[in-house]
Structures are given as C-alpha cells and as structure tokens.
Amino acid sequence: MPHASCAHCGCRIVDHSTMVEREGKTYCCVNCAEADKEHGD
Ligand SMILES: [Zn+2]
C-alpha cells in the first residue's frame, strides 16, 4: 500500500502528519474523519 486514500473525500494522502485513522479507515484530515462519522450506518 504505497499511498493511502481518504475514505471520505478519496484524495490521496501525502501528508501523514494530518492523516487520521479511525475504525480501520484512513482519512486525509480530522475534518474528513468527523464528516464520515456523521453519515453513520
Ligand atoms: Zn479527506
């Protein structure tokens, strides 16, 4: 897995300092992690 993609907006994560991992998914930033969470299941 050379490049991770944001599970919310789909952009390629190049900056690992802002990367967020949540429930096995990877997000480019905390905003995406929060936004995805609000969609819920
Ligand atoms: Zn994102």
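A residue is called buried if 20 or more other C-beta atoms lie within 10 Å of its own, exposed if 12 or fewer do, and partly exposed in between, with the C-beta atoms placed from the backbone. By this criterion, 12% of the 41 residues of the protein count as buried.

The structure is a predicted model, in which local features need a pLDDT of at least 70 and side-chain atom pairs count only at pLDDT 80 or more, while totals for chains, interfaces and linings use all residues. Residues are numbered from 1 along each chain as its sequence is written. The pLDDT is the predictor's confidence in each residue, on a scale from 0 to 100. Its average over the protein is 88, and 85% of the residues score at least 70.

The secondary structure consists of 1 helix and 4 strands; here helices (H or I, at least four residues) and strands (E, at least two) are DSSP runs, numbered from the N terminus. Read from the N terminus, the order of the elements is β-β-β-β-α. Confidence is highest in strand E4, at 95, and lowest in helix H1 (residues 30-39), where the mean is 86.

Ala4 counts as partly exposed because it has 16 C-beta neighbours inside 10 Å. Two residues are in contact if their C-beta atoms, placed from the backbone, lie within 7 Å. When residues up to four places away in sequence are left aside, Ala4 touches Ile13 and Thr26. For the protein as a whole, among contacts between residues at least 6 apart in sequence, 13% join residues at least 24 apart.

The loop between strand E2 (12-13) and E3 holds Ser17, and Asp15 lies in the loop between E2 and E3 as well. Asp15 is exposed because 9 C-beta neighbours lie inside 10 Å; Ser17 is exposed because it has 5 other C-beta atoms within 10 Å. Both can be related to Cys29. From Asp15 to Cys29, 14 residues along the chain, the C-alpha separation is 9.1 Å. From Ser17 to Cys29, 12 residues apart in sequence, the C-alpha distance is 8.8 Å.

The next loop, between strand E3 (20-22) and strand E4 (25-27), contains Glu23. Because Glu23 has 8 C-beta neighbours inside 10 Å, it counts as exposed. Its backbone deserves attention: the phi of Glu23 is near 50°, a positive value in a residue other than glycine. Most residues other than glycine have a negative phi. The C-alpha atom of Glu23 is separated by 10.0 Å from that of Ala33, 10 residues away along the chain.
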